[in-house]
Amino acid sequence: MNITMKNGKCTIDGKSFSGNNVQISGNKVIVDGVTQDGELVGDITVTVDGDVEVLENTNGNVRCNNAGSVKTTNGKVTCDDVAGDVKTTNGDVVAKTILGKVTTVNGDIN
């Protein structure tokens, strides 16, 4: 998972992180190049408080306010407004406005 944002804040499985770039690599969270304490276990839910330039995720649900683009393989995408494209393989897409393309293989678009 990779989130690029400007001084944003995100919550991953109940724990908050702040920075410009948040990644999940294996079971570790990395914020602006620094590996954080603790490990992630099981299904991962990511909530971003603020605007996201790019949000990419493999497995797990994602929620954000406004995004440039969102891509996920397995998980529901919920955003207010998306300026670019939204792509998911297995999951629903729920947004107020999407200015780019929206694709899902197994899921609904609302």
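Mentor: Begin with one residue and its surroundings. This is a predicted model. Setting aside neighbours within four places in sequence, Asn-66 is in contact with Gly-50, Asp-51, Val-52, Asp-80 and Asp-81.

Trainee: Where does Asn-66 lie, and how far is Asn-66 from Asp-49, C-alpha to C-alpha?

Mentor: Asn-66 is part of strand S7.

Trainee: Is Asn-66 buried, partly exposed or exposed?

Mentor: The class follows from relative accessible area: under 20% is buried and over 50% is exposed, with partly exposed in between. Asn-66 has 26% relative accessibility, so it counts as partly exposed.

Trainee: Let us step back to the whole chain. How many helices and strands does the protein have?

Mentor: There are 0 helices and 11 strands. From the N terminus on, the order of elements reads β-β-β-β-β-β-β-β-β-β-β. The radius of gyration of the protein is 13 Å, close to the 13 Å that the globule rule gives for 110 residues, so the protein is as compact as a globular protein of that length.

Trainee: How far apart are the mean positions of the positive and negative charges?

Mentor: The mean positions of the 10 positive and 14 negative charges are 2 Å apart.

Trainee: Now the pairing of strands. Which strands does S8 pair with, and in which sense, parallel or antiparallel?

Mentor: Read the pairing from the bridges, strand by strand. Strand S7 (residues 61–74) is joined to strand S8 (residues 77–82) by 5 bridges, and the two run parallel. Within this pairing, Ala-67 has Val-82 in S8 as its bridge partner. S8 also pairs with strand S10 (residues 93–98), in the parallel sense, over 5 bridges. There, Cys-79 stands opposite Ala-95 in S10.

Trainee: Which strands pair with S5?

Mentor: Strand S1 (residues 2–12) pairs with S5 in the antiparallel sense over 4 bridges, and Ile-12 has Val-46 in S5 as its bridge partner. S5 is also joined to S7, by 3 bridges, and these two run parallel. In that case Thr-45 stands opposite Asn-61 in S7.

Trainee: How do I read the two faces of a strand?

Mentor: In a regular strand the side chains alternate between the two faces of the sheet. In strand S5 (residues 45–49), Val-46 and Val-48 make up the covered face, while Thr-45, Thr-47 and Asp-49 make up the uncovered one.

Trainee: What about Thr-88, buried or exposed?

Mentor: Thr-88 is in strand S9 (residues 86–90). At 2% relative accessibility, Thr-88 counts as buried. Its contacts beyond four places in sequence include Thr-72, Gly-75, Val-93 and Thr-103.

Trainee: Last, the backbone. What should I look for in phi?

Mentor: Most residues other than glycine have a negative phi. Asp-13 has a positive phi of about 50 degrees. Asp-13 sits in the loop between S1 and strand S2 (15–25) and, at 37% relative accessibility, counts as partly exposed.

Trainee: What is phi of Asp-32, and where does Asp-32 lie?

Mentor: Phi of Asp-32 is near 50 degrees, a positive value in a residue other than glycine. Asp-32 lies in the loop between strand S3 (28–31) and strand S4 (34–35). With 44% relative accessibility, Asp-32 counts as partly exposed.

Notes. Residues numbered from 1 in each chain as written. Predicted model: local features only at pLDDT ≥ 70, side-chain atom pairs only at ≥ 80, totals over all residues. Heavy atoms only, no water. Rg over C-alpha atoms; globule rule 2.2 N^0.38 Å. Lys, Arg positive; Asp, Glu negative; His and termini not counted. Charge placed at Lys NZ, Arg CZ, Asp CG, Glu CD. Pairing = 2+ DSSP bridges. Buried < 20%, exposed > 50% of the residue type's maximum accessible area, 1.4 Å probe, protein only. Contact = heavy atoms within 4.5 Å.
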